[in-house]
Amino acid sequence: MTNNQNKNRQNIDYDKDFDYGDPPAPSRKKKPSKAARAHGRRRKTVVAKNMRGPWQRFARTLFLILDILVGICMFLSGYAGMFSPLQYSPLWGVLLLCFPFAFWAAVILFVVQLFWHRRGILVLALAFVASWGPVTTYFPLNVHIGARKPAEGNSTFRLLTYNTANLLDQRPVEDRGDTTCNAMIEYIIQSKADVVCLQEAEKIGVFKKGNITREQFGTLNAIYPHIIISGKAQVILSKFPVESIHLLLVKNDFSNADLGAYRLTMPNGQKVALFNVHLQSIGLNASDKSLYHDLTELKTDDLRGAKSQLISKLANANERRARQAQQLLRFIRHYGGPDVIVCGDFNDVSGCFAIRTLEDAKFKDVYPQIGFGPMITFNANRFYFCIDHVLYRGDLKPLSIKKGSTKASDHYPLTVDFELTGD
């Protein structure tokens, strides 16, 4: 290449002599309209539904059926105590015992379906709303920060109710600890209760078989100068003056039950009638308890045996308790006065016909009034129910209720602090 050609080449300005034109505008996608977006969402939903497997649809249907059945069971069992065993079937009282199982089944189903089965959640929510009364009776939701205090100038007293199983320690020997004294009497001494109502206390004194020593009974006597034994095995121990109310019990109604009645004179001069009850028990024998254990462990499918042995006895006991509750109410109307406490072993759960009978006479059940969560007062044979209760009416106000933890008896003790609101 010659020198002239190189020189000519170097003088060429390519950028100046070539016209590239304007740069192309950036491409913009057109936004879909609202209707198009909604159509897309509907299409995705339909596709997702069509992609669900048959097992998922089957599971949802199955859960929905379970939700409906559990909801119906919770509603019917919750209000079963409204039906008198004397006018209707005593089986209603047996159905009431199913409420805790239906309640917890509904809670479990609710939690399981919370994020993936809206229809099931709606059914269970409606069941809880429809059964709200029994739900808050079984599982009260009273939240209180700090201890409840009486009004200025008002007196208080502490009541303890305890089925002591004849003061014979029910625990295995290896669990009893100190066997030099009676655990139940020791609990009473340490409770600082002003009034103690005992059921199934045939002997209250020095009792070798029950490990009640002379020293222990002397301490009990020093704390409670007023001790009355009434009925077959009902006992009251009181720091306050107390007199017995003599009742003529109907033998047919109270043949397998017990009742004591007393009138207390409180420090402020207020008179309070106190009825210490022990209503008809189920009366299961060893064979019945064995069958119940097998049923709860799913070791037997002998439903016919359960019906003839367990359900018939439960129904019969329910009918007897209804008669006893009506007789108790007649005693209260005759002897009670305005300020009355009924406490003891009802052998039935909250919301039962016996308690509803008293509630119709303006009584209030203490635990649903001030408690929180479910409470169990019976600890034997897997009958984990709340069958010990304290009810009141008149110028009284419950401040606290506490369940003891000792298993010396097959019942837990209950302690209630009351405020005297009368003049």
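**Surface patch, strand pairing and loop residues**

Leucine 66 is partly exposed, with a relative accessible area of 35%. The model described here is predicted. Leucine 66 belongs to helix α4, which covers residues 54-78. Together with Trp55, Phe58 and Leu62, Leu66 makes a nonpolar surface patch of about 470 Å². Membership of such a patch requires a relative accessible area of over 30%, and the value for leucine 66 is 35%.

The strands give another picture. Strand β4, made of residues 234-238, is mostly covered, and five of its five residues are buried. In a regular strand, side chains alternate between the two faces of the sheet. In β4, Gln234, Ile236 and Ser238 point one way, while Val235 and Leu237 point the other way. The residues on both sides of β4 are all buried.

Strand β4 has two pairing partners to be described here, β2 and β3. Strand β2 spans residues 195-199 and pairs with β4 in the antiparallel sense over four bridges. In this pairing, leucine 198 is found opposite valine 235 of β4. Strand β3, residues 226-230, is also antiparallel to β4, and this pair has five bridges. Here histidine 226 stands opposite serine 238 in β4. Serine 238 is one of the buried residues of β4. Strands β3 and β4 form a hairpin with three residues between the strands, and in this hairpin glycine 231 takes a positive phi near 60°.

Most residues other than glycine have a negative phi. Alanine 165 is not a glycine, yet its phi is positive, at about 50°. Asparagine 166, also not a glycine, has a positive phi of about 60°. Alanine 165 lies in the loop that runs between β1 (155-163) and α9 (183-191), and asparagine 166 is likewise placed in the loop between β1 and α9.

Definitions and conventions. Residues are numbered from 1 along each chain as its sequence is written. This is a predicted model: local features need pLDDT of at least 70, side-chain atom pairs count only at pLDDT 80 or more; totals for chains, interfaces and linings use all residues. Side-chain values use heavy atoms; hydrogens and water are left out. Buried means under 20% relative accessible area, exposed over 50%, partly exposed in between (1.4 Å probe, protein chains only). Two strands pair if DSSP finds at least two bridges between them. Patches are made of residues with over 30% relative accessible area and no salt bridge: like charges are joined within 9 Å, nonpolar side chains (Val, Leu, Ile, Met, Phe, Trp, Tyr) within 5 Å. Accessible areas come from the Shrake-Rupley method with a 1.4 Å probe; for residues, only the protein chains shown count as cover. A salt bridge is a side-chain nitrogen of Lys or Arg within 4 Å of a carboxyl oxygen of Asp or Glu.
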